[in-house]
Amino acid sequence: MTIEHIQGHTTHARRGQLKNAFRYGVDFVLTDLSEQDTRLAVLSRNRFNLWSVWDHNHGGVRGDGSGVSWFKDVLLERGFPVENARLLLLTQPSFLWFHFNPVSFWIALIDDQPCAFVAEVNSTFGHRHCYFCAHEDFRPIAAADQLHAQKLMHVSPFQKVAGGYRFNFGFDKDEVRIRIAYEDGDQGVIATLFGPRRVASNGSLIWAAVRRPFGAARVVALIHWQAAILWAKRAPFLKKQPAPETLLSDNTPASAQNQ
């Protein structure tokens with residue numbers, strides 16, 4: 001597969017009485033983690049470069065991952081027809097020596113349609129939890145479909161480990177459009193990621209480094225900047241919570257939601 005460069009945007013909007021919202025440009029790559037794309041001099045797999053994708057950063061325990069083989073095992077354990085699937089990773093690559101990714105997505109495609117995905121969520125506290133999402137019969141996930149999951153990891157010091165997520169996963173040949181609604185009563189956050197799918201080039205990746213310098217370090221700086229804004233607005237601040245007991249959890253089946 002040719003590596004794609006998703007030059008997109010992310011938005012976050014806080015729900016509840018205390019309002020806060022922002023929108024930032026972001027750079028993701030979409031890859032199947034196969035052999036390195038030799039067209040690209042500035043993006044490498046498992047090797048230092050301007051931009052890099054490292055297997056150990058994805059798929060499994062944070063910092064000690066096994067890449068796409070982990071995702072394949074997750075799918076096989078759930079009876080997913082892996083032999084008919086293409087397995088992709090949507091992630092923000094490391095910039096020079098620095099890596100941090102609030103969320104990456106493992107995607108299983110059948111006939112170019114998403115039929116399962118894992119949201120690989122990382123916190124600034126050093127924790128990771130992964131949310132497996134699919135319909136019970138593994139039929140294609142449409143953009144309008146809502147997949148529910150219980151929140152199990154402390155992500156923000158301004159939100160409790162309570163409530164749950166509603167995922168909308170839009171993925172077609174032209175664009176990525178993901179919506180995650182975290183809800184805890186009347187509190188929560190709505191987060192989106194959207195952008196066109198384009199073939200990555202050395203020019204687009206160099207321009208990304210110029211337009212949005214420092215890559216993942218910029219992401220961490222923006223996270224702390226928004227935290228400072230919420231602190232100034234006197235949002236309730238929670239101390240670091242324990243790490244989740246499990247690495248992976250499954251979405252709530254539709255049959256259980258209706259009971």
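In this predicted model, S44 stands opposite S52, a residue of strand β4. Strand β4 covers residues 51–53 and runs parallel to β3, to which three bridges join it. Both strands belong to an open sheet of three strands, ordered β3-β4-β6, in which the pairing is mixed. The edges of this sheet are β3 (43–45) and β6 (94–95), each of which pairs on one side only.

The largest pocket is lined by 44 residues, and H12, F22, P102, V155 and I223 are the closest to its centre. Helix α3 (216–232) is one of the elements that supply at least two residues of this lining, and strands β1 (4–15) and β2 (21–31) are also among them. The largest share, eight residues, comes from α3.

Residues that line the second largest pocket include R14, Q17, L18, Y182, D184 and Q187. P157, F158, Q159 and K160 also line the second largest pocket, as do P236 and L238.

The whole structure has zero disulfides. For C115, the nearest cysteine sulfur is that of C133, 14 Å away, and C115 is in no disulfide. C115 has a relative accessible area of 3% and is therefore buried. C133 is likewise in no disulfide, with the sulfur of C130 as the nearest cysteine sulfur at 11 Å. C133 counts as buried because its relative accessibility is 0%.

Conventions:
Residues numbered from 1 in each chain as written. Predicted model: local features only at pLDDT ≥ 70, side-chain atom pairs only at ≥ 80, totals over all residues. Heavy atoms only, no water. Disulfide = S-S within 2.5 Å. Buried < 20%, exposed > 50% of the residue type's maximum accessible area, 1.4 Å probe, protein only. Pairing = 2+ DSSP bridges. Helix = DSSP H or I, 4+ residues; strand = E, 2+ residues; numbered from the N terminus. 1 Å grid on protein atoms, 1.4 Å probe; cavity = no way out; pocket = protein on both sides within 12 Å on 5 of 7 lines; lining within 4 Å.
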